[in-house]
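Work through the exercises below with the structure open beside you. Try each task before reading its solution.

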Amino acid sequence: MSKRKNSPNRKNRKRARVIPEYVGKALMSREGFVFVRIEGQEEDVFMKASKTRGALHGDTVRVAVTQEKTGPAKRRSGEIVAVVERSGKPFVGLLHIVGKQAWVLMSSKTMPYDIAVPVPEGGKRGMKVAAVVDGWERGETSPHGHVVDILGMPGENDTEMHAILAEFGLPYRFEKAVEHAADAIPEAITDKDRAHRRDFRKVLTFTIDPADAKDFDDAISFRALENGNYEVGVHIADVTYYVQPGTAVDKEAQERGTSVYLVDRTVPMLPEKLSNKLCSLRPHEEKLTFSAVFELTPQAKVIHPWFGRTHIISDYRFDYEGAQAILEGAEPEEVPSEIREALRVLNSLALKLRKKRFAAGAVNFDRPEMKVDIDADGKPIGVHQKFSKEANWLIEEFMLLANRSVAEWVATGGKMGGKAIAKAKTFVYRVHDEPNLEKLSGLREFAGHFGYKVGGIENGKEIAKTLNTLMVDAKDKPELAAIQILALRSMAKACYSVDNIGHYGLAFNFYTHFTSPIRRYPDMMVHRLLAQYLEGGDSASADDYALLCKHASERETVAVEAERESIKYKLVEFMQDKVGQEFDGHVSGVTEWGLYVEIEPTKIEGMVPYRTIKSDFYVYDEEHYRAVGRRTHMSIRLGDLIRIRVKSTSLEQKLLDYELVEDLPSEAPSAPSTSDSKRSISAQNDRFDISAEVKSVKKGQKRAKRSTKGGEAKAAKPRGKRSGR
């Protein structure tokens with residue numbers, strides 16, 4: 001025993017390395033490699049195509065991390081140990097039929113393998129279809145599955161929009177049982193419905209919504225009080241009075257989580273009977289509402305809030321443009337004078353609320369919001385910038401007031417003293433954590449390159465002041481867009497939670513979503529909880545609501561991604577006839593394979609792959625948000641002004657390729673040029689040791705040599721033997 005213990009072999013034997021394993025979600029590229037996203041970890045894990053073990057995009061997988069991002073390692077890497085669960089989301093492709101066999105041919109950014117399927121009933125060769133993968137056994141040349149929906153012929157607007165919805169597992173129609181359940185809800189408002197409701201039918205009330213809005217779920221009431229203060233009511237459609245828990249309509253709304261807004265259509269959370277009729281606060285119709293009513297001083301100080309069920313009649317329906325015209329001095333005869341006066345007083349109060357909010361530390365990101373204009377057939381005919389003005393702010397501020405007041409009432413046990421009680425009842429909060437300090441430090445360094453003196457980032461309020469000051473200082477400067485992008489990247493993502501940590505971006509200690517129950521299921525949850533607590537009910541189950549919050553947050557993310565995909569599709573479609581044209585733009589992203597560029601004035605983003613730049617071979621400098629010429633040492637930074645030419649478009653993959661417009665004299669290659677009078681692409685030798693940097697990133701740039709299109713590695717479609725088994 002003793003001899004064995006002292007054996008040299010035993011003594012010198014190396015301790016076995018422990019390889020950590022995690023469960024996460026696989027995110028696949030067209031080239032077949034995978035990143036695994038692990039909940040709670042910021043850094044994804046990279047896998048070569050040969051290490052994926054048959055996992056596909058969206059699958060839940062177990063991954064072994066064999067290399068952490070330490071020392072010379074550029075990123076975490078590993079291999080997939082097992083597929084824990086196949087994703088139920090379909091992949092969209094073209095149906096290919098040969099005899100009694102069929103395949104769904106992929107042209108996707110996230111699926112490089114074709115899917116073998118049975119020939120679907122009604123399916124014709126060339127149709128766009130949605131297919132779910134059922135499995136991929138070892139030794140098979142491709143995954144197998146089945147077609148779940150036949151979408152139509154490629155290129156047709158309905159086909160393409162339905163394809164986007166299918167990709168994200170979003171329904172574009174209601175089941176008959178849900179429609180029938182909604183149709184069975186009575187429309188008439190009876191005395192029983194009015195009982196125990198506060199009557200606002202004779203109080204001046206109106207709505208303000210976009211001109212093309214079809215449902216109106218919030219209204220504002222106004223009256224001047226004898227003491228010189230004002231009563232302002234925020235009235236929200238009482239959806240949960242009509243939709244009871246556990247019903248077919250409620251289950252469907254809970255599953256959907258939110259309405260989805262594509263470029264050309266809305267996919268509602270609730271059937272039309274509810275969203276456009278019963279619960280839409282249309283003018284001159286009595287409606288049942290759930291309200292937050294406030295007494296405010298002329299200085300916009302809240303004296304007393306009241307919450308409860310009401311019924312109203314809206315006197316007027318404004319669109320934002322019409323309301324804004326009155327705020328700017330217009331006197332339209334069709335709008336009664338008392339409504340015009342109320343609108344102006346409300347605007348004065350809203351501006352004071354807005355000023356207080358920013359003084360308290362709210363962050364102001366004034367990023368341009370672009371809207372695609374489409375014709376009756378869904379074809380894009382233009383792109384314009386949407387501007388928020390005082391009419392938008394008016395509604396925004398009173399909705400924010402209602403949301404934060406409802407949350408504070410629950411969290412403080414009705415005391416409204418700004419301090420949560422120890423045993424507050426379970427509630428659904430909209431939370432937003434403080435920014436990532438490491439990313440903020442990167443923003444500070446980046447802004448410093450442009451000469452900005454960035455203030456402190458030691459605490460939340462200080463960070464907000466610093467960011468707002470930086471945005472003001474950079475206004476109308478070429479680098480503003482880049483600074484905004486980096487600031488947004490430093491921000492946490494807002495979500496729903498039963499654990500209240502406040503809302504950093506709005507500078508609120510308490511915040512929820514109460515004002516849009518027609519289009520958001522969390523608002524329905526809030527209405528139910530608030531009604532329960534107003535009646536003195538016990539606290540709801542925190543565990544149950546935590547699960548509902550998690551699901552709602554996930555559905556929100558999916559809806560946002562689908563909306564972005566529809567916008568990308570229409571923007572690529574809009575640019576199809578502009579191939580060969582030149583535009584000024586700015587660098588909106590720098591990656592290891594190329595530059596993302598937003599062109600003016602439409603802000604449409606495309607990719608300039610490094611391999612297409614003729615003047616030099618550029619390598620990615622991640623630390624300084626730029627690309628550096630290997631030979632000339634010229635640098636192209638995030639935010640630089642450049643001129644591009646539209647090279648190609650891919651509707652199927654929703655990708656745009658740009659190429660740099662370069663000035664290439666015959667005697668020697670030069671750096672890329674710009675139409676701006678200032679050189680915005682310049683050497684930075686005075687700031688950094690370029691040669692050392694280029695050497696340090698050469699290995700990473702070997703990946704950039706591969707063929708790319710639209711900023712992503714081009715897929716070599718493996719029709720036969722697959723790798724990674």
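**Exercise 1. A histidine in a helix**

Task: Decide whether histidine 162 is buried or exposed, then find where it sits and what it touches.

Solution. The model is a predicted one.
Step 1. Take the relative accessibility of histidine 162, which is 16%. Buried means under 20%. Histidine 162 therefore counts as buried.
Step 2. Histidine 162 belongs to helix H3, residues 157-167.
Step 3. List its contacts, leaving aside neighbours within four places in sequence. Histidine 162 then touches Leu151, Tyr172 and Arg265.

**Exercise 2. Helices H12 and H14**

Task: Describe how H12 and H14 are arranged, and say which residues make the contact.

Solution. Start with what has to be found. Two packed helices are described by the angle between their axes and by the distance between those axes.
Step 1. Locate the helices. H12 covers residues 437-449 and H14 covers residues 480-490.
Step 2. Read the geometry. The two axes come within 8 Å and cross at roughly 165 degrees.
Step 3. Classify the angle. Angles over 145 degrees count as roughly antiparallel. H12 is therefore roughly antiparallel to H14.
Step 4. H12 and H14 make a left-handed crossing.
Step 5. Name the residues. H12 contributes Lys439, Leu440, Leu443 and Phe446. H14 contributes Ala482, Ile483, Leu486, Ala487, Arg489 and Ser490.
Step 6. Sort them by type. The contact of H12 with H14 has 7 nonpolar residues, 1 polar and 2 charged.

**Exercise 3. Helices H13 and H14**

Solution. 
Step 1. The crossing of H13 and H14 is left-handed.
Step 2. On the H13 side, the contact uses Leu467, Leu470 and Met471. On the H14 side, it uses Leu480, Ile483, Gln484 and Ala487.
Step 3. By type, the contact of H13 with H14 has 6 nonpolar residues, 1 polar and no charged.

**Exercise 4. Aromatic pairs**

Task: How many aromatic pairs does the structure hold, and how are the rings of phenylalanine 33 and phenylalanine 46 set against each other?

Solution. 
Step 1. The count is 14 aromatic pairs.
Step 2. The ring centres of phenylalanine 33 and phenylalanine 46 lie 5.5 Å apart, with the planes at 50 degrees, so this pair is tilted.
Step 3. Trace the chain. Phenylalanine 33 lies in the loop between strand S1 (21-28) and strand S2 (34-37), while phenylalanine 46 lies in strand S3 (residues 45-47). The pair therefore ties together parts that are 13 residues apart in sequence.
Step 4. Check burial. Phenylalanine 33 is buried, at 12% relative accessible area. Phenylalanine 46 counts as buried too, at 13%.
Step 5. Now take tyrosine 316 and phenylalanine 318. Their ring centres are 4.7 Å apart and their planes are at 55 degrees, so this pair is tilted. Phenylalanine 318 is buried, with a relative accessible area of 3%.
Step 6. Look for a cluster. Phe33, Phe35 and Phe46 form one.

**Exercise 5. The whole chain**

Task: Which numbers sum up the protein's helices, strands, burial and contacts?

Solution. 
Step 1. The protein has 17 helices and 34 strands.
Step 2. Of its 725 residues, 51% are buried.
Step 3. Residues 24 or more positions apart account for 67% of them.

Key
Residues numbered from 1 in each chain as written. Predicted model: local features only at pLDDT ≥ 70, side-chain atom pairs only at ≥ 80, totals over all residues. Heavy atoms only, no water. Axes fitted to C-alpha atoms, helices over the stretch in contact; angles between N-to-C directions. Helix = DSSP H or I, 4+ residues; strand = E, 2+ residues; numbered from the N terminus. Parallel < 35°, antiparallel > 145°, perpendicular 65-115°, else oblique. Left-handed = near helix turned anticlockwise from the far one by under 90°. Contact = heavy atoms within 4.5 Å. Nonpolar A, V, L, I, M, F, W, Y, C, P; charged D, E, K, R; others polar. Phe/Tyr/Trp six-rings, centres within 6.5 Å; stacked < 30°, edge-to-face > 60°. Buried < 20%, exposed > 50% of the residue type's maximum accessible area, 1.4 Å probe, protein only.
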